[in-house]
Amino acid sequence: MITKGIRGAITVDSNTPEAIKEATLDLLCEIFKKNNLDGTAQISHIIFTTTNDLNAAFPAKFPREEFGWDDVAMMCFHELDVPNALKMCLRVLVVINCENDFIPQFVYLKNAQNLRK
């Protein structure tokens, strides 16, 4: 077994707890689906970052509440405030324990797709 990271990002419609919740859960669900992850047994930890314009809620709160992920180590940080960078953006790094041949499928949703262009 080795450790690999799965990156993802999504833009959030507004700086409200409801919008941050929706974006967080949508992004995590898509990451789990694209990477064929089943439950939390493979997860080492998850790191969330938000741009400075998103501060209405901690993204880590929502998978704990909605999915019962009380045993997953999760932390939230602000992204570096780079001039002209994408605004209203939530990023995630899901670190998993996996086999050497696992190829992470990164997920970029909404306007965050522009991060990969």
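Buried here means under 20% relative accessible area, exposed means over 50%, and partly exposed covers what lies in between (1.4 Å probe, protein chains only). In this predicted model, local features need pLDDT of at least 70 and side-chain atom pairs count only at pLDDT 80 or more, while totals for chains, interfaces and linings use all residues. Residues are numbered from 1 along each chain as its sequence is written, and side-chain values use heavy atoms, with hydrogens and water left out.

As a general background, nonpolar side chains tend to be buried together in soluble globular proteins.

## Helix H1

Helix H1 covers residues 17–34. The expected span of a helix is 1.5 Å times one less than its number of residues. For the 18 residues of H1 this gives 26 Å, and the end C-alpha atoms are 26 Å apart, so the two agree.

Which residues of H1 are buried? They are Ala-19, Ile-20, Ala-23, Thr-24, Leu-25, Leu-27, Leu-28, Ile-31 and Phe-32. The buried residues of this helix pack against strand S1 (2–11), strand S2 (43–50), helix H2 (61–67), strand S4 (89–98) and strand S5 (107–109). Contact means heavy atoms within 4.5 Å.

## The sheet and strand S4

Five strands, in the order S3-S2-S4-S1-S5, form an open sheet with mixed pairing. Two strands pair if DSSP finds at least two bridges between them. The edge strands are S3 (73–78) and S5, each pairing on one side only. On average, neighbouring strands of the sheet are turned by 15 degrees against each other, direction ignored; the axes are lines fitted to C-alpha atoms, for helices over the stretch in contact, and angles run from 0 to 180 degrees between N-to-C directions.

S4 is largely enclosed by the rest of the structure, because 8 of its 10 residues are buried. S1 and S4 run antiparallel and are joined by 10 bridges. Ile-2 has Cys-98 of S4 as its bridge partner, and Thr-11 has Cys-89 of S4. S2 and S4 also run antiparallel, with 7 bridges, and Ile-43 stands opposite Ile-96 in S4. Leaving out residues up to four places away in sequence, Ile-96 touches Ile-2, Thr-3, Lys-4, Ile-6, Leu-37, Gln-42, Ile-43, Ser-44 and Phe-102.

## Aromatic rings around Trp-69

A search of the whole structure finds 2 aromatic pairs. Rings of Phe, Tyr and Trp (its six-membered ring) pair if their centres lie within 6.5 Å; planes under 30 degrees apart count as stacked, over 60 as edge-to-face and the rest as tilted. The rings of Phe-32 and Trp-69 have centres 5.3 Å apart and planes at 35 degrees, so this pair is tilted. It links distant parts of the chain: Phe-32 is in helix H1 and Trp-69 in the loop between H2 and S3, 37 residues apart.

The rings of Phe-67 and Trp-69 have centres 5.1 Å apart and planes at 50 degrees, so this pair is tilted. How do they differ in exposure?

Asn-35 is found in the loop between H1 and S2, and at 4% relative accessibility Asn-35 counts as buried. Not counting residues up to four places away in sequence, Asn-35 touches Ile-6, Phe-102, Ile-103, Pro-104 and Gln-105.

Asn-36 is found in the loop between H1 and S2 and counts as exposed, at 67% relative accessibility. Asn-36 has a positive phi of about 50 degrees although it is not a glycine. Asn-84, in the loop between S3 and S4, has a positive phi of about 65 degrees and is not a glycine either. Asn-84 is exposed, with a relative accessible area of 81%. For context, most residues other than glycine have a negative phi.

Methods
Helices (H or I, at least four residues) and strands (E, at least two) are DSSP runs, numbered from the N terminus.
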